[in-house]
Amino acid sequence: MDLSAQLIKWYQANKRDLPWRHTTDPYVIWLSEIILQQTRVEQGLPYFNRFLEKYPTVSHFAAATEDEVLNLWQGLGYYSRGRNMLYTARLVQELYRGQFPSSYDQLISLKGIGEYTAAAISSFSANEAKAVVDGNVYRVLARYYGIDEPINSTGGKKTFQSLADGLLDKNRPALHNQAMMEFGAMLCKPKNPACGICPVHLDCYAFKNNATIALPVKLKTVKIRKRYFNYLLIMRGDEILMHKRGAGDIWTNMYQLPLIETAGPTELHNLMELPQMQQFMADNVSLSPVSQVYKHVLTHQHLYVSFTKVDGKTGGYGEGYFFTEVKNLKNLALPQIIFLFLTKFLN
DNA sequence: AAAGCGGGGGG
DNA sequence: CCCCCAGCTTT
């Protein structure tokens, strides 16, 4: 039995029962695949259920607003996925009259769908013979065949895709792809892989050479930038001043409190002296810290975030600023750090 | 080819 | 603390 057949056999006996495995509707598969990009199944599952309930078809999705989609996406991260989904849903509604495509060539041209996702949707929904290569597949193949070429190098990606293509069971591509990924996720895990119960460990390079820890190889680069976010809490009765972020930075088009970003940590008395404060402060000012400094960790940035209560002006805050009732906050897409603070502070 | 983009979980 | 997660887009 070749590797594919062995893993399929393992999969059929050990697979998890996941909702998107009960459908061949390319729209539903698409929904699940985008949500699961760089996201664990357990984390994405509740979002999948909520999105499917609210948008049962791509036509429903296409009719949504960006605020609505981002609000539903809140907390999941990589928010461009949500914005791209709306763009794609509207395109599919127009171009394909609401019939979500299932062929690799059509899928790969859509925004938010790359090689992995096009292969996944086309194989799962139409049994097209395209091999998926995700983080799980990289790991399984690197270990089994002992490949130390970096998985995130250009050459490495080609090497692993070619290998996966050759391995694909063309008679049952959907089953093959599911098996490869499930095996990587459940058994051939990044840390502490379960080699003891692995059906293919006797043929596995990494097992035989005690190299599971060293494989796969990944070039690491990530440089982390420190940023200092001083958020202002400005209330007017039961209303709160909010600001809609623009493009070109994190959290595109999401809602936050008025923000003054500084080059370093800023004490209260220094914050008061900043020229940007004139945009927000009343004449008789009073500032009071209402939180400690939170460290909010993103992949490429560490945010040091503080919240300060300010007696605001009566108006004239500028473009993008608006007062909204506190009870309306649940309808705004908030970055997690803002959501957590407001939830804590307002209750 | 490299950088940018969230948030959470596990060791 | 580190790494990884059903990756993609932009530069």
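**Reading a predicted model step by step**

Me: How many salt bridges does this structure count?

Reply: The count comes to 9 salt bridges. Please keep in mind that this is a predicted model. As for the general idea, side chains of opposite charge can pair when their charged atoms come close. One case here joins the side chains of aspartate 249 and arginine 227, with 2.8 Å from N to O. This pair links distant parts of the chain, 22 residues apart. Aspartate 249 belongs to the loop between strand E3 (239-244) and strand E4 (255-256), whereas arginine 227 belongs to strand E1.

Me: Into which domains is chain A divided, and how far apart do their C-alpha centres lie?

Reply: Domain 1 covers 3-133 + 162-185, and domain 2 covers 225-345. Their C-alpha centres lie 36 Å apart. The two domains also touch: 9 residues of domain 1 are in contact with 14 residues of domain 2.

Me: How should I read the area that the two domains bury between them?

Reply: Begin with the total, then ask which atoms and residues contribute to it. Here domain 1 and domain 2 bury about 900 Å² between them, and 44% of this area is on carbon and sulfur atoms. On the side of domain 1, Asp67, Gln74 and Tyr79 supply 49% of the area buried against domain 2, more than any other three residues.

Me: How many salt bridges are counted between domain 1 and domain 2?

Reply: The count between these domains is 1 salt bridge. In the model, a salt bridge also pairs the side chains of lysine 244 and aspartate 67, at 3.8 Å from N to O.

Me: Which residues lie nearest the centre of the second largest pocket?

Reply: They are Asn230, Thr266, Glu267, Val293 and Ser306, out of 16 lining residues. The volume of this second largest pocket is about 270 Å³. Strand E1 (225-233), helix H13 (268-273) and strand E8 (301-310) each supply at least two residues of its lining. Strand E8 gives the most, with 4 residues. The lining of this pocket divides into 9 nonpolar, 6 polar and 1 charged.

Me: What can the backbone tell me, and which residues does a cis peptide bond join?

Reply: Most residues other than glycine have a negative phi, and most peptide bonds are trans. Here a cis peptide bond joins leucine 215 and proline 216, with omega about 0 degrees. Proline 216 is found in the loop between helix H12 (205-208) and strand E1.

Me: Where is asparagine 127 placed, and what is its phi?

Reply: Asparagine 127 is in the loop between helix H8 (115-126) and helix H9. Its phi is near 55 degrees, a positive value in a residue other than glycine.

How values were computed: Residues numbered from 1 in each chain as written. Chains lettered and ligands numbered in written order. Predicted model: local features only at pLDDT ≥ 70, side-chain atom pairs only at ≥ 80, totals over all residues. Heavy atoms only, no water. Domains from an automatic or database assignment. Contact = heavy atoms within 4.5 Å. Buried area = accessible area lost by both parts, 1.4 Å probe. Salt bridge = Lys/Arg side-chain N within 4 Å of Asp/Glu carboxyl O. 1 Å grid on protein atoms, 1.4 Å probe; cavity = no way out; pocket = protein on both sides within 12 Å on 5 of 7 lines; lining within 4 Å. Points joined across faces, edges and corners; volume = space filled by probe spheres on them. Nonpolar A, V, L, I, M, F, W, Y, C, P; charged D, E, K, R; others polar.
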